[in-house]
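Please consult the sequence and the structure while reading.

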Amino acid sequence: MNTPSTPPTRLADQKRIGMISLGCPKALVDSERILTRLRADGYAMSPDYAGADVVLVNTCGFLDSAKEESLAAIGEAIAENGRVIVTGCMGEEADAIRAAHPSVLAVTGAHQYEDVVAAVHEHAPPSQGPFVDLIPQPDIKLTPRHYSYLKISEGCNHSCAFCIIPQLRGKLASRRIDAVLREAEKLVAAGTKELLVISQDTSAYGVDIRHEERDWKGNPVRAHMTDLARELGQLRTPEGTPPWVRLHYVYPYPHVDKVIPLMAEGLLTPYLDIPFQHASPNVLRLMRRPANEAKVLERLKSWRAICPDIAVRSSFVVGFPGETEDDFAYLLDWLEEAQLDRVGAFRFEPVEGAAANDLPDPVPEEIKEERYARLMEVTERISTAKLAAKVGRTLPVIIDEVGEPDEDGDIGATGRSQADAPEIDGAVYLRNVPATLSAGDIVNVRIEDADAHDLFGVINGT
């Protein structure tokens, strides 16, 4: 179960809430908001099933495999505790959840904060002590103290054939720019060293509200990705250093070019997470996605000319209905030229309600597996060469975890370079670190070795 990084003090009569948070970082932010609201209502958090008066399961419903995982998590919570409230993306399929688990207390959908809080109030009424409201508490975080997800919008205006996110989370709904910047400033002041900007489509931020302007520190700022990036680049930690600012889910619209100079200047982390999904014009058309793969290759070269250290990660779907061997070969050739730094791949899965389910020419499972293996072989070879080129360099690394001394007294640590987002990319493994090193420290590391996914090194001067 997810537990807050710094559990709050519990009053003797407080009801306790357990939380299982599944799916993407956007769902994790939803879980943090729900728990923060519940704590403000007088609840305490439970790190285990046994101590919880009710267990919340924040589900994922994007793929059938994710739905199976969600149903299994609900079943485990029922078996271990018995009092379960379900929320999140799969909450849109309440009938399926109740058919599998008729004893759930309530089911609510994605980002329906008021509904899930009301359900908790109904089934585990709050029992606040008389002074709870007088004690200000920081927001609950389910991530380590040194990095935080910053959600800038909900929903999506795209109609990709393989995706049901608009059905689950609705159309694009952007947050006010001043609210986003205020939250970011608060997170950095509280110890966040790395901000991970997330949404369903970061590049489209503000489109739905016509990029409205708000006052921020005496200046007008638009609800636009470029304005947001520029302002986030002005933040400073209590120590006076800029936090890492990492952009995720960035569709390659033309204005993305304007954030690359900010990376070159050190105001943004030189990293872009771009969901390309495929490269073949035929498959992109079937996916209902823009087919501008040639122009993207030109832009990648331009970005690298401006900011040589930029890392680009992406994900691709293999075995989409109608994908031919020629289409797949096109994708492999494109990847060879694009030389992306980090790549994830997924075998196509039909998702109930997705338009792709009705497309002709499904790809047999054995061919999906074969293509997946070939793609991973190509991307692993590219990654191996790119990481090998970093051996001998000194790179800034943010520390995620510091180990215990071994029998020789040597202490190891695990961190990430600016090319590595938490949970999805590689790591930097450090040897012989000082005992004073802590999670969240940013240190300069001399890279001594590399493999297909990770780097190995030592802090400069040790």
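## Helix 6 and helix 7

Helix 6 and helix 7 are roughly parallel to each other, a term for angles under 35 degrees. Helix 6 covers residues 177-189 and helix 7 covers residues 225-232; they pack at an angle of about 25°, and their axes lie 11 Å apart. Axes are lines fitted to C-alpha atoms, for helices over the stretch in contact, and angles run from 0 to 180 degrees between N-to-C directions. Helices (H or I, at least four residues) and strands (E, at least two) are DSSP runs, numbered from the N terminus.

The crossing of these two helices is right-handed, meaning that the near helix is turned clockwise from the far one by less than a right angle. I177, V180, L181 and A184 of helix 6 make the contact with L228, E231 and L232 of helix 7, where contact means heavy atoms within 4.5 Å.

## Basis of the model

The model is predicted: local features need pLDDT of at least 70 and side-chain atom pairs pLDDT 80 or more, while totals for chains, interfaces and linings use all residues. Residues are numbered from 1 along each chain as its sequence is written, and side-chain values use heavy atoms, leaving out hydrogens and water.

An open sheet contains 5 strands in the order 2-1-3-4-5, with parallel pairing; two strands pair if DSSP finds at least two bridges between them. Its edge strands, each pairing on one side only, are strand 2 (44-45) and strand 5 (106-107). Strand 1 (residues 16-21) pairs with strand 2 over 2 bridges, and M45 of strand 2 is the bridge partner of I17.

Helix 1 (residues 25-40) lies across strand 1, strand 2, strand 3 (54-59) and strand 4 (84-88), and runs at about 175° to strand 1. Helix 2 (residues 64-80) also packs on the sheet, where it touches strand 1, strand 3 and strand 4; its direction makes about 175° with that of strand 3.

Strand 6 (residues 147-151) is largely enclosed by the rest of the structure, because 5 of its 5 residues are buried. Y147, Y149 and K151 point one way from this strand, whereas S148 and L150 point the other way.

Strand 6 pairs in the parallel sense with strand 9 (residues 194-198) over 5 bridges. Within strand 9, I198 stands opposite K151.

Key. Parallel < 35°, antiparallel > 145°, perpendicular 65-115°, else oblique. Buried < 20%, exposed > 50% of the residue type's maximum accessible area, 1.4 Å probe, protein only.
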